[in-house]
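The stops below are meant to be taken in order.

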Amino acid sequence: MRTSATHILLADDDTDDCLFFKDALEELALSVTLTTVRDGVELMRHLSTQVLPDVIFLDLNMPRKNGYECLTEIKLNAKLATIPVVVYSTSFEPEVVDLLFEKGASHYIRKPGDFSRLKAVIHKAILAIQSAGKERGSREKFVIQLL
């Protein structure tokens, strides 16, 4: 059983989305800490200079370096490759989701517009990561959604 807080690193350039994510975490009964970065360049710099997170929530559409580029760099770096990456995006294209799974992402979440659904899907993702540890789940469990 996990006794320390799960350290989450959120990479997202949308200020409102970051605020909603933070608010959702604060309402969940989970022991977590959150660090936020605004783009891919800042994400990769943070990963090279700071304590590594337990999980990265990664937006795909960011300036300077997008989420695809970051995911590729993370998974090619032996020091970073085992960090679970949850892609967190507004779009949902099956071909893109398949590509992200192939590139090594742990899960995919489509950002819901409703706050209560956002809380629920973040909660579901964090619990999935905590229970899996460093093991990556199957393709069938890759997309996290609410039914």
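The tour goes from strands to helices, then to helix pairs, and ends in a loop.

**Before you start**

This is a predicted model, in which local features need pLDDT of at least 70 and side-chain atom pairs count only at pLDDT 80 or more, while totals for chains, interfaces and linings use all residues. Residues are numbered from 1 along each chain as its sequence is written, and side-chain values use heavy atoms, with hydrogens and water left out.

**Stop 1**

Select threonine 6, which lies in strand β1, residues 6–11; helices (H or I, at least four residues) and strands (E, at least two) are DSSP runs, numbered from the N terminus. Threonine 6 counts as buried because its relative accessibility is 2%, where buried means under 20% relative accessible area, exposed over 50%, and partly exposed in between, with a 1.4 Å probe and protein chains only. Now show what touches threonine 6: beyond its neighbours within four places in sequence, its contacts are Ser31, Val32, Thr33, Asp54, Val55 and Gln130, contact meaning heavy atoms within 4.5 Å.

Next select threonine 36, in strand β2, which at 28% relative accessibility counts as partly exposed. With neighbours within four places in sequence set aside, threonine 36 is in contact with Leu10, Cys18 and Glu42. Draw a distance from threonine 36 to isoleucine 8: their C-alpha atoms are separated by 8.4 Å, although the two are 28 residues apart along the chain.

**Stop 2: the buried side of α2**

Select helix α2, residues 40–49, and colour its buried residues, which are Gly40, Leu43, Met44, His46 and Leu47. These residues are on the same side of α2, because they cover an arc of only 160° around the axis, the arc being that of the directions from the helix axis to the C-beta atoms. An α-helix has 3.6 residues a turn, so residues three or four places apart point the same way. Among the elements that cover the buried residues of α2 are β1, β2 (32–37), β3 (55–58) and α3.

**Stop 3: α2 against α3**

On the α2 side the contact is made by Gly40, Leu43, Met44 and Leu47, and on the α3 side by Cys70, Glu73 and Ile74.

**Stop 4: α4 and its two faces**

Which residues of helix α4 (residues 94–103) are buried? They are Val96, Val97, Leu100 and Phe101, and they sit on the same side of α4, because they cover an arc of only 140° around the axis. To see how α3 meets α4, select Tyr68, Leu71, Thr72 and Lys75 in α3 together with Val96, Leu100 and Lys103 in α4.

**Stop 5: α1 across α5**

Select helix α1 (residues 15–27) and helix α5 (residues 115–132), whose axes come within 9 Å and cross at roughly 70°. Helices α1 and α5 are therefore roughly perpendicular to each other. Where they meet, α1 supplies Phe20, Phe21, Asp23, Ala24, Leu25 and Glu27, and α5 supplies Phe115, Leu118, Lys119, Ile122 and Ile126.

**Stop 6: a loop residue**

Finish at arginine 64, in the loop between β3 and α3. Arginine 64 is exposed, with a relative accessible area of 58%, and has a positive phi of about 70° although it is not a glycine. Most residues other than glycine have a negative phi.

Definitions and conventions. Axes fitted to C-alpha atoms, helices over the stretch in contact; angles between N-to-C directions. Parallel < 35°, antiparallel > 145°, perpendicular 65-115°, else oblique.
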